[in-house]
Amino acid sequence: MMFTLSSEQTDFAAVLHDFLRAGKTDLASLGVDEVTDPVDLVVVFEEVGHHAVAGPLIESLAVVPALMGGVAAGAAAGATHSVAFPPLVPHAVEADRYFLIDGDTLHEATPTAELESVDPSRRLVDLSPGPIVATDVPAARAFDLGVLTCSAQLLGLGRAMLELTTTHAKTRAQFGKPIGQFQAVKHHLANVLIGLELARPLVFGAAVTMNSRDVSAAKVATSDAAWQAARIALQVHGAIGYTAEHELGRFLLQTRALRTAWGSPSMHRARVLEAL
Amino acid sequence: MDLSLDASTLTFQAEVRSWLATHVRPLSSMDTAAGFEEHRSWERQLASERLSVVSWPAAFGGRDASLLQWLVFEEEYHASGAPGRVSQNGIFLLAPTLFAHGTDEQRARILPSMARADVVWAQAWSEPEAGSDLASLRSTAVRCDGGWLLRGQKTWSSRAAFADRAFGLFRTGPGERHRGLTYLLFDLRAPGVTVRPIAQLDGEPGFAEVFLDDVFVPDHDVVGEVGDGWRVAMSTAGNERGLTLRSPGRFTAAASRLVELYRKNPDPALRDRVVDAWIGAQAYRLHTFGALAAPLSGPAASVTKVFWSELDVAIHETALDLLGEVAPGWRDGWLFSLSGPIYAGTNEIQRNVIAERLLGLPR
Amino acid sequence: MTPEQLALRDAVRSLLTKHSDVRAAIETPHGYDKDVWARLTDIGVLPIPEQYGGSGATRTETHIALEELGRTLTPSPLLASTLAAEALLASGNDEACARLLPRIADGTVATLIWPWDNGPASLDGTARYVLDGDHAEILLASDGTGLYEIESGARQHTPTMDQTRRLATVHLDGRETHLGRWSPEIRDVALAALAAEQVGTAARALELTVEYTKTRVQFGKPIGSFQALKHRMADMHVLVETARSAAGACTDEVSAAVAKVYCSEALFKVAAEMVQLHGGIAITWEHDAHLYLKRAHSSGQLFGSPAVHLDRLSRLVR
Ligand SMILES: Cc1cc2nc3c(=O)[nH]c(=O)nc-3n(C[C@H](O)[C@H](O)[C@H](O)COP(=O)(O)OP(=O)(O)OC[C@H]3O[C@@H](n4cnc5c(N)ncnc54)[C@H](O)[C@@H]3O)c2cc1C
C-alpha cells in the first residue's frame with residue numbers, strides 16, 4: 001500500500017505549474033498528450049485547474065484518446081478534439097474536430113448550434129452525428145476518465161481560489177487590520193481547506209480503482225468543495241472579486257460550469273448509491 | 001391574524017396587474033449604455049402611469065400608497081417579469097434620506113425628476129480603502145465660496161458610468177471616522193469628475209470608479225447638517241438592507257419560476273431544495289407583513305439582509321443545478337445573486353450587527 | 001401583540017417561572033405538574049368559547065401560552081386538550097360540545113387520535129404516539145371522516161427520548177360513539193399550535209446560549225465576543241425570527257405546512273447549535289441543553305416529519 005504520489009509525479013506537477021504560470025499553453029511540448037495512466041492524468045488536470053486553463057482539454061487529452069485506443073486517428077498535431085455522450089454530456093466544448101458516442105459506437109460529428117455556458121470562456125456546441133468512426137469502443141471507461149479529470153480540474157480550481165483568497169485576506173485591511181484576522185474570514189477559509197483536503201483523496205482513490213462508484217464519489221466531493229471555495233473566495237474578496245478585471249472571476253465561472261459538466265452532482269450521487 | 005387585502009388594495013392590484021400584462025417587455029442589460037437608456041424610458045413609462053414611486057406623495061409623482069400596497073405592487077411587478085429598476089438607488093436609498101433629512105426645497109427640486117427618471121442617481125459611498133469600514137473614507141469636501149469642493153476617489157458605484165448625479169459621504173472635519181462626515185449630492189458630469197467604468201463578472205460595465213478633482217457642490221446640495229453625514233446616511237441604510245431595496249415580491253417571483261423550472265426538469269434529488277427555496281420566500285414575505293405592524297429597527301434590517309441575500313443565492317444555485325451549465329434566463333440573475341451577500345454591507349458585517357446589537361454579545 | 005395579549009404572556013411566563021420545575025414534573029406519575037396545569041386552566045388559555053364554559057380565548061391566546069410552555073419545556077396537556085377541543089368545536093355536535101367542553105375547560109385532560117396525513121384510519125387497532133394518551137380522561141378519535149368518542153381501550157405510556165412530552169399507545173377495540181364530522185382543517189390547526197410551541201423553544205434555546213456565552217470566559221474574554229460564535233448566534237436569531245413569522249401566519253393548508261417544516265428545521269438547527277456553543281457542559285445530564293435537543297427532535301416528528309410535509313408541499317405549491 002502506498003497512497004501517495006511518486007517523486008516523479010510531484011516533480012511533473014511542479015514543471016507543469018511553472019509552465020502554465022509562465023502563460024505557455026502548448027502542453028504537448030511537455031509530453032502531456034502521451035499521458036494515459038489515470039493517476040498521472042489527475043496530476044496533469046489538477047494543474048490545468050490550478051491555472052484555469054480553458055478549452056477542450058479533458059476531451060482531447062483524456063477522453064478521445066481512450067476512445068481511440070491512444071491513436072488520435074488522423075488528427076493534425078495540436079488539433080483539439082471534443083466529444084458528447086448524450087444524454088449525460090449533451091453538448092461538446094468547442095474544438096477542431098467533434099465526435100459523438102452512441103452506446104459503444106463512436107461517430108464523427110458536426111456542430112449544429114452554439115450554446116451559451118454560464119462560463120463565457122467555455123464555448124459549447126450541439127452536435128449531429130456523422131459517419132461511424134469505430135464500434136465497440138470503451139465508452140464507459142472513457143466517460144469515467146472524463147468525470148475523473150473533471151474532478152481533478154475542480155480540485156485544482158478550488159486550490160487556486162483558496163490560495164488567491166488567503167493572499168487577499170492577509171493584505172486587505174479594514175478596521176485597521178488585515179481582514180484575515182477576523183474569525184469570520186479565518187473560519188470561512190478553514191472550511192474551504194477542509195472541504196478540498198477531504199475531496200482530494202477521493203480523486204486519487206478513484207484514479208487508482210477507476211470504478212464508476214469511486215469516480216462519481218470524487219466528482220460529487222470536488223464539485224461541492226470547489227464551488228464552496230468559489231463562493232467563499234468571492235465573499236472574502238468583496239466587490240473587487242465581482243469585477244471582470246480581477247482574475248477570480250475566471251476561476252469562479254469555470255468552477256460553476258464544471259460542477260455540472262460530465263454529469264450533475266445529483267446524477268453522480270445516484271450512481272454512487274446504485275453501486276452500493 | 002388576517003392576510004386578506006382590503007377592497008382598495010385589491011383594485012390597485014388589479015390595475016397594476018393588467019397594466020403590466022400589456023406593457024412589460026424584455027430590455028437589454030441596464031449595465032450597458034444602450035440598456036441603461038432603455039431602462040430610463042421604461043421608468044418614464046411607469047412614471048406616466050404614476051407607477052414609478054407609488055408610495056410617495058402625489059405632489060412628487062406618487063400615489064400616497066400604503067406600505068402594504070407598495071408590497072403588493074412589488075409582488076405584481078416581479079411576478080410579471082418586469083425589468084430591474086434603473087432608478088433604484090435614488091428611489092430606495094436617496095429618497096428616504098431626503099424624506100427624513102432633506103429640506104422642502106430639496107424634496108421639491110429632486111424628487112419629481114427622480115420619479116420620472118429624468119435624473120438617475122448613483123450611490124458613491126465606497127472607496128478603495130473603505131469598503132466594510134465605510135467610516136474610514138478619505139474623500140474630502142472643502143469649504144469654498146457658496147459651497148464645497150470635492151476631492152478624492154469613490155469606487156464600485158453601480159451604473160455611475162451612465163447615471164446623472166450621485167450622493168456620497170465626504171470628510172468635512174473636524175474629527176475622525178464617523179465624526180466630521182457630510183452627506184453631499186453632486187453632478188456626475190460636473191467639471192472635475194472623471195468616471196471610469198469597471199466591468200463586472202458578466203463582462204458589462206456595471207461598476208464605475210469616480211475620481212473627483214475640485215468638483216463644486218453648491219450649499220443647497222448638502223443633505224442634513226454639515227458634519228452629521230454619518231447619522232444621515234445610517235438612518236436610512238436600513239432601507240438598503242431591509243425591505244425597500246429588496247422586497248419579498250422579487251423572491252416569491254423567483255421561487256415560483258424555480259418551481260416551474262422543476263416541474264419541467266424534475267430531479268428528485270433537488271426536490272427538497274426547490275421546496276425549501278419556495279418556503280424561504282414565503283417566510284420572508286410573511287416576515288415583511290409582520291414588519292408592517294411594527295417597522296423594523298436598523299439592526300433588525302440586518303436580519304432580513306442576511307436572509308434575502310442567502311435565499312436569493314439558494315434559489316439561483318438550485319436553478320443552475322437543475323439546468324446545468326446551459327442556463328438561459330437564469331445566468332444573469334444567478335451571477336447577481338452571488339453579489340447579494342457582499343453589497344449593502346457584507347453578511348459578515350450584518351452578523352456582527354445582529355450579534356452585538358440585537359443579542360447584546362460583547363464586542 | 002395587544003396589551004391584553006402581552007398581559008396574558010406575562011401571566012403565563014410568571015406562572016412558569018414560579019412554579020414550573022421540568023425535572024420534577026417528568027418524575028410524576030403522569031409526567032406533568034397538575035398544579036401548574038390547574039393554574040394554567042384558571043388563566044383560561046384553552047380556545048373554548050364562553051357558551052361552553054370556556055374563557056373565550058382564541059387561538060392566538062392559546063398560541064401565546066404554547067409558546068411560553070415551549071420556552072420552558074414544561075410538560076403540559078395543553079396541546080392535547082386544545083386539539084380535542086378544536087375537533088369537538090368543528091364536529092357540529094352541540095350536545096357533545098355542551099357535555100365535554102366545560103370539563104375540558106376545567107382542566108380535565110382530553111386528547112385526540114387522528115390520522116396526521118388526513119387519510120382514512122381504522123378505529124380498530126393500535127394508535128401510537130398519542131399525546132397524553134395514557135391518562136387523558138376524554139379520548140376522541142377520528143377515522144379521517146367522522147369524530148368519535150372512545151369509551152375504553154388499553155393504553156400505556158410510551159417512553160421516548162423526549163421526557164418532556166407525554167406520549168402513549170392506545171389500543172382501540174372498536175367501541176366508540178360517533179359524535180359528528182371530522183374537519184380536515186384540524187391538521188392545520190395542530191401544525192400551527194405546534195409551530196407556536198416550537199418557536200418558544202427555539203427562542204429560549206437561543207437566549208440561554210447568549211447568556212451562557214456572555215459569561216463563559218476563555219482566552220481571557222467572554223466566548224461570546226468571538227466572531228465565530230457571534231455569527232452562529234446571529235444565524236440562530238435569523239432562524240428564530242423568520243420561524244416566528246412563519247408560525248404566526250398559518251391561515252391555510254399551505255401556510256400551516258410551511259410553518260411545520262420551517263419551524264421544525266429551525267428548531268433542529270437552533271437546538272443543535274445550543275449544544276455546540278455550550279461545549280462539554282451541554283453533554284451533561286444536569287444541563288438543560290439536551291432537553292432542548294430532544295424536544296427539537298420529538299416535535300419535529302410529531303404530526304409528521306418535515307419530510308412528510310415537504311412532500312405534501314411539493315404537490316401543493318405552484
Ligand atoms: C454588485 C455590487 C454593487 C455595489 N454597488 C455600490 C454602489 O452603488 N455604491 C457604493 O458606494 N458601493 C457599492 N458596492 C460596494 C459595497 O458597498 C462593498 O462591496 C461592501 O461595502 C464591502 O466592501 P469591500 O468590497 O471593500 O469588501 P471588504 O470590506 O474588503 O471585505 C472583504 C471581506 O472581509 C470581511 N470583513 C471585513 N471586515 C470584517 C469584520 N469586521 N468582521 C468580519 N469580516 C469582515 C468582509 O465581510 C468580506 O468578506 C457594491 C458592491 C457590489 C458587489
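The shell around the ligand draws at least three residues from each of two domains of chain B, domain 2 (121-233) and domain 3 (237-358), with bounds that come from an automatic or database domain assignment. The model is a predicted one, in which local features need pLDDT of at least 70 and side-chain atom pairs count only at pLDDT 80 or more, while totals for chains, interfaces and linings use all residues. Residues are numbered from 1 along each chain as its sequence is written, chains are lettered from A and ligands numbered from 1 in the order in which they are written, and side-chain values use heavy atoms, with hydrogens and water left out.

The ligand sits between chains A, B and C. Around the ligand are 29 residues, the closest being Arg172(A), Ala239(A), Ser132(B), Thr346(B) and Gln227(C); a residue is near the ligand if one of its heavy atoms lies within 4 Å of it. By residue class, the shell holds 14 nonpolar, 13 polar and 2 charged residues, where Ala, Val, Leu, Ile, Met, Phe, Trp, Tyr, Cys and Pro count as nonpolar, Asp, Glu, Lys and Arg as charged, and the others, Gly among them, as polar.

An oxygen atom of the ligand lies 2.9 Å from a polar backbone atom of Trp125(B), and a nitrogen atom of the ligand lies 3.1 Å from a polar backbone atom of Trp156(B). From the side chain of Gln227(C), an N or O atom is 2.6 Å from a nitrogen atom of the ligand. On its own the ligand has 980 Å² of accessible area, and the protein covers 95% of it (Shrake-Rupley method, 1.4 Å probe). Two or more shell residues come from each of α6 (212-237) of chain A and, in chain B, β1 (121-124) and α12 (347-358); helices (H or I, at least four residues) and strands (E, at least two) are DSSP runs numbered from the N terminus. The most is given by α12(B), with 3 residues.

Within α12(B), the buried residues include Asn347(B), Glu348(B), Arg351(B) and Ile354(B), buried meaning under 20% relative accessible area (1.4 Å probe, protein chains only). After α12(B) comes Gly360(B), with a positive phi near 70°.

Chain B as a whole has 12 helices and 8 strands. Its radius of gyration is 21 Å, close to the 21 Å that the globule rule gives for 363 residues, so chain B is as compact as a globular protein of that length; the radius is taken over C-alpha atoms, and the rule is 2.2 Å times the number of residues to the power 0.38. Of these 363 residues, 58% count as buried.

Arg259(A) belongs to helix α7 (residues 248-260) of chain A and is buried at 7% relative accessibility.

Some backbone details are also of interest. The peptide bond from Gly173(B) to Pro174(B) is cis, with omega near -10°, and Pro174(B) is placed in the loop between β4 (165-171) and β5 (181-187) of chain B. Leu73(C), a residue other than glycine, has a positive phi near 65°.

How values were computed:
Polar contact = N/O pair within 3.5 Å; in protein donor to acceptor, adjacent residues only side chain to side chain. Buried < 20%, exposed > 50% of the residue type's maximum accessible area, 1.4 Å probe, protein only.
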